[in-house]
Amino acid sequence: MADKFPQLSLTANDVYKLFEEPPFGLIEFGRRVSTKLDAFSLAVHTGLINITVPPTCICGITMRLVQRTGKAENAYQGFEWQCERSLNGQRCRHALTITSGSFFTDVRLPWMNVWDLCLHWFFRTPVIAAGNQVGCGKDAALDWYSFCRQVCYDVVSEMDTCIGGEGLHVEIDETHIFKRKYHRGRQLAAEHVWVFGGICRESKEAFLQVVPDRTGQTLWPIIQQRIHPGTTIMTDSARVYASLHQASRGGFVHYAVNHRRNFVDPNDANIHTNTVERQWGLLKGMLTGCMDEERLEMYLGEYVYRRQFFQAFNTMEKRTSGKFFKIFLGHVKEMFPGI
Ligand SMILES: [Zn+2]
């Protein structure tokens, strides 16, 4: 008996063109992916939903894709994996939905909305506006935005980025990123969070992390873990950095600019930390409103991710950005491999 295969409304080639042939944008996307079946087809062709590699049932038998016609109207067209083992008149009948363990597990929204929200997140539409435009409301938009952010965070955490190297220049700095005000008893308390980061001038690679304080005990191990030996490091004149040239601190070539006097060394225009400070500005622009530390970590992850995979922030050309969205979906697939 032949497996019934879903009728897909988009071909693999349609999906290839969607991402690789400019222009890419919300309007173009809406034109090419406009029905429930399109949304499903896209999930299949991007690998977010698996309908080709049958999982193995708990009983050890390869499962089969079947369509429950009574449920053919649902977002995934009623398809599920079924075990049809029959032994001594006993049937296994074990079934798995094709969304198990995928990005679309337990999704209550129409899948079209999910795609639209992911795209709005990608193009950095403010979340409230995204909720309104998609028509799904603010909560669903917030949910999917943080879902996308979580993917970025997971990818960045696993990268364990180490930047710089022989002949390269890395600027490092700390910044006071936000104050969360909250009521403790009757007092309004403020919470201070320090973020430590570095950026390589040549490769543009960056790392960022929340740190409890700015002491050497905290920063030195991070510097050695995140920056390749042989790198030239630029800092401000904070005392904590004064020993970076010592072998026990990594033996880096180190230059410091005294910010109390100048922002660029008057004798050497190369000695400054302007690159990393510009990044703080961009980062702070992205962090709106109050957030707790966990959410802050997610935002930092998203920030680093966008730098790394979407070619930084302001330079991403929208028309040709389909390939970047495709990269993101590749990461989604890694994080949610399905059954
Ligand atoms: Zn079975």
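Predicted model: local features only at pLDDT ≥ 70, side-chain atom pairs only at ≥ 80, totals over all residues.
Local features are reported where pLDDT is at least 70 and side-chain atom pairs only at pLDDT 80 or more, while totals for chains, interfaces and linings use all residues. Residues are numbered from 1 along each chain as its sequence is written, and side-chain values use heavy atoms, with hydrogens and water left out.

The protein chain is assigned domain 1 (12-158 + 323-335) and domain 2 (169-289), with bounds that come from an automatic or database domain assignment. The C-alpha centres of domain 1 and domain 2 are 39 Å apart.

Across the whole structure, 10 salt bridges were found, a salt bridge being a side-chain nitrogen of Lys or Arg within 4 Å of a carboxyl oxygen of Asp or Glu. One of them joins Arg 31 to Glu 28, with the closest N and O atoms 2.7 Å apart; both residues lie in helix H2 (residues 26-32), 3 residues apart, or about one turn of the helix. Helices (H or I, at least four residues) are DSSP runs, numbered from the N terminus. Arg 31 is exposed, at 59% relative accessible area, whereas Glu 28 is buried, at 19%; buried means under 20% relative accessible area and exposed over 50%, with partly exposed in between (1.4 Å probe, protein chains only). Glu 28, Arg 31 and Arg 32 are linked in a network of salt bridges.

A further salt bridge is formed by the side chains of Arg 149 and Glu 302 (2.6 Å, N to O). Arg 149 lies in helix H6 (residues 138-159) and Glu 302 in helix H9 (residues 293-309), so the pair ties together parts that are 153 residues apart in sequence. Glu 302 also meets Arg 306 in a salt bridge (2.9 Å, N to O).

Methods
Helix = DSSP H or I, 4+ residues; strand = E, 2+ residues; numbered from the N terminus.
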